[in-house]
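Subject: The model, and some notes on it

Hello,

Here is the structure I promised to pass on. Please have a look at it first, and then read my notes below.

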Amino acid sequence: MLENTETSNGINHSEDTDKEYCRILYDILIAKGVKDIVLSPGSRNAPLLLGACCRQFNHHVIIDERTAAFVALGMALGSNRPVAICCTSGTALYNYAPAVAEAFYQQIPLIVVSADRPLEWIDQDDSQTLVQSGALSKIVKGSYDIPVQHKDDINEKWYVNRIINEACNLALSGRRGPVHINIRLDNPLTDTCPYTPGNPRIIEYIDNLNFQSGQYKEFASSLTGKKILLTAGFMQPDNERNKSVLNFASLPCVAVMSETLSNLHLPDNPYSIDIVLTWLEKYADSDTIEQLRPDVVISIGGALVSRKLKEFLRKYPPTEHWTLGDTNPSADCFKALTKHINIDPAKFLKGLNQHKSRLCNVESTDISRQYARIWKECREKALIDRDEYLSEHSEWSEISAFRHILNELPTSFNLFLSNGTAVRYGQLFTQNIPHAVFGCRGVSGIDGTSATAVGCAMAYQGPTLLLTGDMSMAYGVDILSLNNIPRNFKIIVINNSGGGIFRFIPSTRECPVREELFCAAPNLPLRGLAEAYGWKYFRAHSMEELEAIYLPFLTLKQKSILEIKADDNISANVLIGLLENRINRK
């Protein structure tokens with residue numbers, strides 16, 4: 001970007017719009033390769049007109065929006081570059097439709113920018129307040145709505161940056177095409193501030209269609225001397241991916257945070273994420289935290305269960321965050337996304353592994369070469385601390401039941417974890433992943449988890465265990481009547497009198513109407529239901545009972561239900577103590 005403000009039209013503009021979101025928009029468009037912008041005069045888009053003229057755009061003013069859009073289409077066709085068009089509020093946007101439709105079917109990346117009124121004035125019989133958001137949805141690759149700016153709202157500013165990056169990446173990747181960015185602007189519209197070159201976060205999108213094998217060397221070189229943290233969310237089992245992760249994780253500069261649902265079989269127990277992060281909250285000093293803070297996070301798999309991991313990386317953000325091809329390209333969970341590489345994770349990590357000498361070479365810092373070891377030592381201390389805490393709280397509780405269930409589960413089993421406390425307990429005691437672990441963590445609802453587990457069992461010749469709570473089971477109790485359920489399908493129901501998670505999470509655990517409105521015990525007659533539908537029923541109301549019947553329950557050649565009951569409040573308090581209010585012990 002040029003330091004002076006003289007545009008190609010010979011007009012000198014030293015003043016920029018005071019609307020920060022307009023400035024962010026234009027600075028990202030320039031970084032994404034937009035050189036030409038076609039402007040149509042208006043009042044509501046005044047901030048956009050002012051912002052365009054003080055930047056290094058070739059700006060072209062054309063009064064009629066229909067003509068303006070077709071001129072922009074021709075410019076994009078002739079230059080093979082993205083071109084932006086900008087109009088005011090009202091019917092102006094609808095005049096873009098014919099040219100945008102042509103761009104959609106010709107795969108031309110037009111960036112459509114429309115000014116709009118604040119949301120609260122739409123359809124209120126005020127001037128030019130028709131619905132604009134989504135108006136071109138059938139002829140654009142994506143529609144985006146930027147809200148009226150709220151002063152000093154950091155989360156909103158992050159959101160605006162993210163969706164503008166997402167819009168540009170969508171327009172320029174795969175089957176290219178137009179996108180629509182609708183930006184809401186309030187009065188005053190013509191206030192200005194001195195122009196200064198912007199430096200917004202740019203999220204790079206690397207398409208697998210254009211990826212060259214030689215780029216692995218470049219990526220490895222860019223990681224030289226960096227502390228790398230690999231995070232893994234839910235994934236299908238995959239031997240090739242497992243091998244590539246295992247190889248990559250053997251590097252001294254790479255640490256791993258892998259969830260139970262990742263289906264990665266790795267040494268050194270990288271699964272106890274919440275345990276180690278709780279330990280860090282209690283005992284780690286600022287120097288240790290800075291050593292553990294990653295320079296680069298590489299994410300694979302789906303959404304993470306661990307709230308603590310998300311909070312840790314938001315509080316101590318990496319300089320770079322890369323996501324790979326099996327993640328949502330615009331997922332910016334840690335608010336630090338810089339690169340999405342649309343390549344299969346197994347292939348990408350295998351490519352990096354071919355350049356190990358570059359990743360951790362003699363030029364690497366001492367900390368980066370010890371990064372995996374530092375995390376491993378913290379994890380080992382955290383697990384010792386966990387076990388000491390649980391030995392002091394050895395009373396019968398849900399957590400002691402889960403510990404026994406998961407530690408003694410044969411590796412031949414597929415495990416299905418329902419949502420709520422079940423999937424969170426499953427994160428605490430996974431020393432080794434069984435044959436495979438599944439759950440409904442795409443949107444994390446509790447409805448349908450039992451039926452999904454049945455489907456998994458039908459697709460697997462070995463045994464399957466569904467680990468669920470009574471509230472989740474109440475949503476899917478009809479599965480007990482289904483035909484053709486495999487005989488080696490087992491269900492363990494933690495009967496904690498409703499939504500046990502509400503006794504744990506801070507937002508509801510002190511609520512005076514917690515039991516009535518949130519936990520809402522379904523009072524399932526599990527024994528009667530099991531016997532009515534031909535299931536074998538077991539129960540355990542103590543550790544002695546669980547130890548006595550767990551193996552017979554698992555090995556019986558009949559579909560079976562095991563109901564576990566522990567004191568609800570004791571169970572919640574033990575879990576709270578483990579993950580939040582533990583006494584300092586060094």
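A polar contact here is a pair of N or O atoms within 3.5 Å; within protein, one must be able to donate a hydrogen and the other to accept it, and residues adjacent in sequence count only if both atoms are side-chain atoms. One such case is T327, whose side chain reaches the backbone oxygen of L324 at 2.7 Å.

Before I go on, the ground rules: this is a predicted model, in which local features need pLDDT of at least 70 and side-chain atom pairs count only at pLDDT 80 or more, while totals for chains, interfaces and linings use all residues. Residues are numbered from 1 along each chain as its sequence is written, and side-chain values use heavy atoms, with hydrogens and water left out.

Back to T327. This residue is found in the loop between strand 13 (320-324) and strand 14 (339-341); helices (H or I, at least four residues) and strands (E, at least two) are DSSP runs, numbered from the N terminus. T327 counts as buried at 10% relative accessibility, where buried means under 20% relative accessible area, exposed over 50% and partly exposed in between (1.4 Å probe, protein chains only). Leaving out residues up to four places away in sequence, T327 touches S299, I300, G301 and H340, contact meaning heavy atoms within 4.5 Å.

Another loop residue is Y271, placed between strand 11 (254-258) and helix 8 (273-283). Y271 is buried too, with a relative accessible area of 1%. Beyond its neighbours within four places in sequence, its contacts include S258, H265, Q427 and I433.

Now the cores. A nonpolar core is a set of buried Ala, Val, Leu, Ile, Met, Phe, Trp, Tyr and Cys residues joined through side-chain atoms within 4.5 Å. The largest one has 97 residues, and F348, W375, I492, L546, Y550, L562 and I564 have the most contacts inside it. Helix 14 (residues 371-392) gives the most to this core, with eight residues. Apart from it lies another core of 34 residues, among them I111, I146, V160 and I164.

Which residues of helix 17 (449-458) are buried? They are T449, S450, A453, V454 and A457.

On to the aromatic rings. Rings of Phe, Tyr and Trp (its six-membered ring) pair if their centres lie within 6.5 Å; planes under 30 degrees apart count as stacked, over 60 as edge-to-face and the rest as tilted. The count comes to 13 aromatic pairs. F489 and W535 form an edge-to-face pair, 6.2 Å centre to centre with 70° between the planes. F489 lies in strand 18 and W535 in the loop between helix 20 (526-532) and strand 19 (536-540), so the pair ties together parts that are 46 residues apart in sequence. F489 is buried at 0% relative accessibility, and W535 is buried at 3%. Elsewhere, Y216, F219, W322 and F348 form one aromatic cluster.

Best wishes
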